[in-house]
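Please look over the sequence and the model before reading the points below.

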Amino acid sequence: MPYKDHLHGTLDALVLRTLSSGPRHGYAIVRWLREQSADAIRIEEGSLYPALYRMERDGWVEAEWGTSEIGRKAKIYKLTAKGRRQLKTETEQFASFVAAVSPILLPA
């Protein structure tokens, strides 16, 4: 079941987590998230690229032009030290949120 409607507020963390394992171009980010989530997380280009541009502006990622695995020109994104700190913060905040809502939404 795709979780497209539930991604609000987690897109940055998901993208930063994806880049924490190495540089990737946009389509590779989307593909990695789909693979890791058994095709449940589907990020649309209309959401991904504005988020990447914002993260680049904020210094969380750096981008440079390179070549994709199929030989096309592609912008390759990599995580910065500031981005690693942001990922840690967002992951901690998400874990706190899950801990707070789980007893309400998933009572024993």
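Leaving aside neighbours within four places in sequence, Glu 64 is in contact (heavy atoms within 4.5 Å) with Ala 74, Lys 75 and Ile 76. This is a predicted model, in which local features need pLDDT of at least 70 and side-chain atom pairs count only at pLDDT 80 or more, while totals for chains, interfaces and linings use all residues. Residues are numbered from 1 along each chain as its sequence is written, and side-chain values use heavy atoms, with hydrogens and water left out.

**Glu 64**

- Glu 64 lies in strand 2, residues 61-67; strands (E, at least two residues) and helices (H or I, at least four) are DSSP runs numbered from the N terminus.
- Glu 64 is exposed, at a relative accessible area of 56%; exposed means over 50%, buried under 20% and partly exposed in between, with a 1.4 Å probe and protein chains only.
- Between the C-alpha atoms of Glu 64 and Leu 14, which are 50 residues apart along the chain, the separation is 20 Å.

**Nonpolar core**

- The largest nonpolar core has 19 residues, of which Val 15, Leu 16, Leu 19, Ile 29, Ile 43, Leu 48 and Met 55 touch the most other members.
- At least two residues of this core come from each of helix 1 (11-19), helix 2 (26-36), helix 3 (45-57) and strand 3 (73-79).
- A nonpolar core is a set of buried Ala, Val, Leu, Ile, Met, Phe, Trp, Tyr and Cys residues joined through side-chain atoms within 4.5 Å.
- Apart from neighbours within four places in sequence, Leu 48 is in contact with Val 15, Gly 26, Ile 29, Val 30 and Ile 43.

**Helix 1 with helix 2**

- The axes of helix 1 and helix 2 come within 10 Å and cross at roughly 100 degrees; axes are lines fitted to C-alpha atoms, for helices over the stretch in contact, and angles run from 0 to 180 degrees between N-to-C directions.
- Helix 1 is therefore roughly perpendicular to helix 2, a term for angles of 65 to 115 degrees, with under 35 roughly parallel, over 145 roughly antiparallel and the rest oblique.
- Leu 14, Val 15, Arg 17, Thr 18 and Leu 19 of helix 1 meet Ile 29, Trp 32 and Leu 33 of helix 2.

**Helix 1 with helix 4**

- Helix 1 packs against helix 4 (residues 81-105) at an angle of about 130 degrees, with the axes 9 Å apart.
- That angle makes helix 1 oblique to helix 4.
- In this pair, Asp 12, Ala 13, Leu 16 and Arg 17 from helix 1 meet Gly 83, Gln 86, Leu 87 and Glu 90 from helix 4.
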